[in-house]
Amino acid sequence: MNTLLLEIAVVVLGIVLLLVEAYSNRANKNYLAYTGAAGLFGVLVLSFFPMHAPAAGSPSAAFITHDVLSVFFVRFTLIATIVTLLMIPGYRPVLERYLPAERAGGGVGEFAILPLFVCAGLMWMVSSIDFIMIFVSLELATITLYILATYLRQNAASLEAGTKFLILGALSTGFIVYGISWIFGTTGTTNLLALPAAIQRLPESALTPLLFGIAMVLVALSFKISAFPFQFWVPDVYQGAPTPVTSYLSVASKAAGFVVLIRLLVVLGTVPVISHKLHAVITLLAALTLIFGNFAAIPQTNMKRLLGYSSVAHAGYLLMAVASLGSKMAIPAIGFYLAGYLAMTMLAFVVLTVVSEVTGGDEISRFNGLGRRSPLLAGAMLLASASLAGIPFTAGFIGKLLIFEVAINQGHYGLVALGCVTVAAGFYYYFKVIRAMYWQQPAEETPIRVTFTVKLLIALLGAGILAFGIYPAPLLSALR
Amino acid sequence: MSLLLILTILLPLAASLLIMVGADPRRTALGAAVANLAAALVLFFAYDRIDGGWQFLSEWKILPKLGINMTLGADGLTLTMLLLATLVTVSALWVAPKVGKHEGLYYISLLFISAGVIGAFASLDVLFLYSFHELALIPTFLMIGIWGSGDRQAAAWKATIYLGLGSFVLLIGLIALYLSIPAGHRTLDLRELDQMAATGAFHPSAWIYLILLVGFGSLVSLFPFHSWAPPAYACAPAPAAMLHAGVLKKFGLYGLIRIALPIFPEAMHELNGLLLLLVVGNILYIGYVTVSQKRLDWTVGYSSVMHMGYIFLGLAALNLIGINGAALLMFAHGLSVAAAFALCGEIRSRTGTLDYAELGGLAKATPVLGLLFGFAAMASVGLPGFANFAGEILVFFGATAYGPAMIIPVIVGVWGVVISAIYMLRAYRNIFWGPIAQRWEGLADIGTGAKWSVILLLVPLMIAGFYPQLILKMVGTALPR
């Protein structure tokens, strides 16, 4: 089967659902989220059938590849999207509150369908081996995300988030196009695989413009993965965007950014003149991102902002591994870390969605006494926090173990020493949530009811955290 | 039999699950703990000392390509620590007072700490040794934060961040150790590590030993990485302090005996001066700090830090006598400090204060409590008849045998015994003797459950004190012959 079929199936699913939504009179739009999730699950199953890249002669062969990295992250994107779609029914009251209702349920339906297009964009992005394809798929995903981030159009925070995201996102798009044109201008190719050979042929004087172009692309990718100093949109956008979108943004879109970064660096790693310089830049980025993400997270009082800074912090750990791509365990470590990150971050967001709906806010203090109001939600959040902090027997721990292993292996002792300090800082801000849930008194004692879908998500994501943490071998071997 | 060893880890976890789904917390937890103690006793006496080595082995492949497997097994040292852990667990659960809020969470936390230490002691793979130990981090945070007394929040934060950082430094040291093995032979299995070190197949740098010393050291509250321990123990509820000070803290020493001694003999020898300096700090500096404490819980907290100095001194002796003494002292100190914290909790729950200035003459109202405290205090000082004495004597003998470099540390150590006699006797006098204040006259004596749970700790302490061979023979199987 041609691997392109998967993305096409996702797009077709999205279009069909859009049509169904347009012609259906059902006021309850939850079925769209469930159908979308079921459809994506079908695509996920499909992805386990034997696949191949587009045939060598075909036009798409120059754009799309099919390797372990793309297979892993296509599935990763699908799973992240399924989880996000399943979070949407629980989020419906918020949507209805902030959407002008020309007709019953108006506008709610599309919110569950648009993620499918982001999903298709990200799936293409993780399989692309050409700058043009990277750009196009990135835009498909990002433009859809602009809409989703600003979806609550009668909520000022959401509008602000969407606008910030739009402006900074457009800026980063500018950077990437500009960078690509410099790279194309000097080397005459946009294909990643053809790049090393093209660079070898270049005269030495052409290296500076080429490096400039690469630097511009790195800037744009740093926006995507929220690396310092291009992370300043993260807390605001995370806080204002609808919670399912925030969770999607912090997981799927970040992962796709890392895949592109890895592909680029692996290709350029074969060219010593350039890789040497890039190595120093990435190491610096990793160090700054670690410091900023972890220390700025400490004083946060809003859960979504906390998770935003935490997402910057985790980008720092991931960049540690990206700086160590010389080790053959680096890419499996990154993949594993991201998979664990998916489970723990999305679990935290699932709990947050329920808690903020019940208590009416996103502050950490809204979690006060959750241990008494809902042992299940508190337990799930405890597990997510433990994993985010890197406590053993969770996916977060094995992820950190692997990343520190490759970093020490590659001699990044400075980063490792820094990492120790930031991990300790992480204990503080993740444990703040645990403190709120168990030490503090609840504002009210009424138990919180949890719907079946939320229970299912908690069970699946929680099982993922523990399973990856106790028996990591299968997931790890999927990347080698 | 290997199944029994696995069960000792699984039982507390299974009991936690049962409590989560609604079983009676106290009964379920105590049931599991008593069953675990029985299992530990069976294993202790079923261990074949003639054969020695690791027994009751079982293994699961976790990351076979990286040479990481979950391997459980036990030798004499493991089983001694297992016995300590299960004894203290039963005692801690038994002595636990009636819990008002979150009763389930209270017992689940204690069970997790217990399962964590048992798993750590029973693991042959260094990564799991480490991982199991970390299981206790969140339960400790919750225990101190929810049910603690005094400035509990600050204490919980300090302990958690300190231990989190310390154990991450330790993890870095372990990864560095792992990477110093030539590629293709990499493993974290203690047996293979020992063998490779013995045959000279790999030479990890002394830096790694230093990192491990700092990592393990901060978990054991080695001077100057000790400052988390006294406030945490002073503020923690008695059962948590008993488990943490009595058992969990021994993990760092256990790790040094298991990893540093066989793999870094040369580095330990070269850097012994540094370790001795810290040991002197532990005994002398912390000793005097302990003397200046004005409350019983802080006195016991600091004294538990101070006594770690003796165990480190035994390790630093780098000979069989010293290490035997250190191991015996680990067992003895674990029991005696747990007894002291249990009694601390009993006094606090009656009087609401542990301040020496407010207490006095309690022995008139609570004679049995006073008697038991006397026993615990004497054990802690190292009176002959208690295992602490045997351990300390061996440590001093071992240290003296090391050579002239040990003269000062041994003198400091002996002086330390005097210091601990001063503060323990002073505590005993201030609380139980002298004129009794009127408001304490109606105090109820120690309850039956608490009484027996302390006796459960003191009896093995005296058995091992009169017949230390019982423990030493077991410990000896783990040490090079």
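A: Let's start with α15(B), which is mostly covered: 21 of its 21 residues are buried. Buried here means that 20 or more other C-beta atoms lie within 10 Å of a residue's own; 12 or fewer makes it exposed, anything in between is partly exposed, and the C-beta atoms are placed from the backbone. Helices are DSSP runs (H or I, at least four residues; strands are E, at least two), numbered from the N terminus.

Two notes on reading this: it's a predicted model, where local features need pLDDT of at least 70, side-chain atom pairs count only at pLDDT 80 or more, and totals for chains, interfaces and linings use all residues. Residues are numbered from 1 along each chain as its sequence is written, while chains are lettered from A and ligands numbered from 1 in the order in which they are written.

Back to the helix: α15 of chain B covers residues 296-316 and reaches 30 Å from its first C-alpha to its last, close to the 30 Å expected. That expected span is 1.5 Å times one less than the number of residues.

What happens to phi just after α15(B)? There, L318(B) takes a positive phi of about 55°, although L318(B) is not a glycine. L318(B) sits in the loop between α15 and α16 (320-351) of chain B, and it counts as partly exposed because it has 19 C-beta neighbours inside 10 Å.

Chain B has another residue of this kind: S221(B), not a glycine either, has a positive phi near 60°. S221(B) is in the loop between α9 and α10 of chain B, and it counts as buried because 30 C-beta neighbours lie inside 10 Å. P224(B) is also placed in the loop between α9 (206-220) and α10 (229-235), and a cis peptide bond with omega of about 0° joins F223(B) to P224(B).

Chain A has a cis bond too, from F228(A) to P229(A), with omega near 5°; P229(A) lies in the loop between α8 (207-225) and α9 (234-240) of chain A.

Finally, the largest nonpolar core has 383 residues, and L347(A) and F341(B) have the most contacts inside it. Such a core is a set of buried Ala, Val, Leu, Ile, Met, Phe, Trp, Tyr and Cys residues joined through C-beta atoms within 7 Å. Helix α13 (residues 330-359) of chain A gives the most to this core, with 21 residues.
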